Amino acid sequence: MKIVFSEECLNYGSPGHPESPERVRLAYEYLKARFEFIGPAPAAEKDILLVHSERHLENLRNLEFYDGDSPQYPDIYGYACLSAGGAITSAGAAIAPAGAATTSAEQCAFSLTRPPGHHAGPSRVAGFCYLNNVAIAVRKLGKRTLILDIDAHHGDGTQAIFLGDPSVVYVSLHRYPCYPGTGLKSQENCFNYPLPPLCGDQAYLETFKRALDSLEAGGFELVAVSAGFDGYRTDPLASLGLTSQAYRKVGELISGLKLPVFGVLEGGYDGAALGPNVEQLLLGLGSRNS
Ligand SMILES: [Zn+2]
């Protein structure tokens with residue numbers, strides 16, 4: 001189980017913004033003695049263009065965009081390229097484990113980088129997101145992929161990118177009503193499961209199982225997890241009342257799909273809880289052969 005991380009992603013931020021470098025620094029400090037870490041390479045422009053428009057890249061480079069939640073940080077394009085590169089590195093590590101005999105833990109990797117990505121659309125900055133990290137990695141690998149979005153917000157950017165794409169199925173569990181206000185109903189290959197605030201572990205896990213059970217078996221080569229932890233019980237933005245045990249169970253259920261899995265950090269704004277919750281998800285993902 002490898003975690004992709006670079007301290008460079010901690011080098012930007014603005015005071016009081018919930019998507020802070022501190023939350024990821026705390027998670028890294030917690031996880032660094034528990035897992036093997038590797039560094040990302042920045043995503044290449046040609047890979048980013050598999051998802052985003054030329055115009056969007058120009059706007060990011062020139063800081064010519066406006067979204068109330070997503071500040072115009074100097075060189076945010078560089079940081080976003082590195083975060084997208086983290087997703088690509090993580091996906092690559094999951095499908096190409098070292099050694100012949102692999103365990104489920106070796107077929108998993110996780111990118112602990114920022115900025116997050118799932119609200120970013122083809123030509124749109126939104127909700128702390130500039131480039132859609134998961135989408136770039138999925139398009140780059142070109143495999144038939146199941147995207148499981150466990151962030152407590154609907155991944156409207158990811159849905160906009162993959163709606164109608166026959167090579168991808170998108171599944172999202174999210175708090176509703178809540179930002180961004182989408183994801184009330186399923187559409188084509190995008191399956192949405194809105195949940196009430198503070199729904200708790202039992203309702204969440206029953207819904208997650210139902211979502212997996214409703215998928216056609218055997219159709220996927222890869223699982224991508226948009227791993228947000230803002231459904232955690234103490235999260236200040238989007239709590240679903242979940243405990244750390246829920247992330248462990250989610251990991252175990254995904255592990256049961258018996259496919260390579262890569263996870264990419266999205267939200268999660270209780271910084272002290274982030275590392276332990278990532279750990280529980282990863283322990284669950286690696287549990288199949290243990
Ligand atoms: Zn979120």
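Colleague: Which residue in S6 is the bridge partner of Tyr170?

Modeller: Cys190 is the partner of Tyr170 there. The model is predicted, so local features need pLDDT of at least 70 and side-chain atom pairs count only at pLDDT 80 or more, while totals for chains, interfaces and linings use all residues. Residues are numbered from 1 along each chain as its sequence is written.

Colleague: How many bridges join S5 to S6?

Modeller: There are 6, and S5 runs parallel to S6, which spans residues 190–195. Strands are DSSP runs of E with at least two residues, helices are runs of H or I with at least four, and both are numbered from the N terminus. Two strands pair if DSSP finds at least two bridges between them.

Colleague: And what is the bridge partner of Ile147 in S5?

Modeller: Tyr170 again. S4 (residues 145–149) pairs with S5 in the parallel sense, over 5 bridges.

Colleague: Which residues point which way from S5?

Modeller: Val168, Tyr170, Ser172 and His174 point one way, Val169, Val171, Leu173 and Arg175 the other, and all are buried.

Colleague: New topic. At what angle do H1 and H9 pack?

Modeller: About 45° between H1 (residues 21–31) and H9 (residues 271–285), with their axes 7 Å apart. Therefore H1 is oblique to H9. Oblique is what remains after under 35 degrees (roughly parallel), over 145 (roughly antiparallel) and 65 to 115 (roughly perpendicular). Axes are lines fitted to C-alpha atoms, for helices over the stretch in contact, and angles run from 0 to 180 degrees between N-to-C directions.

Note on methods: Buried ≥ 20, exposed ≤ 12 C-beta atoms within 10 Å, placed from the backbone.
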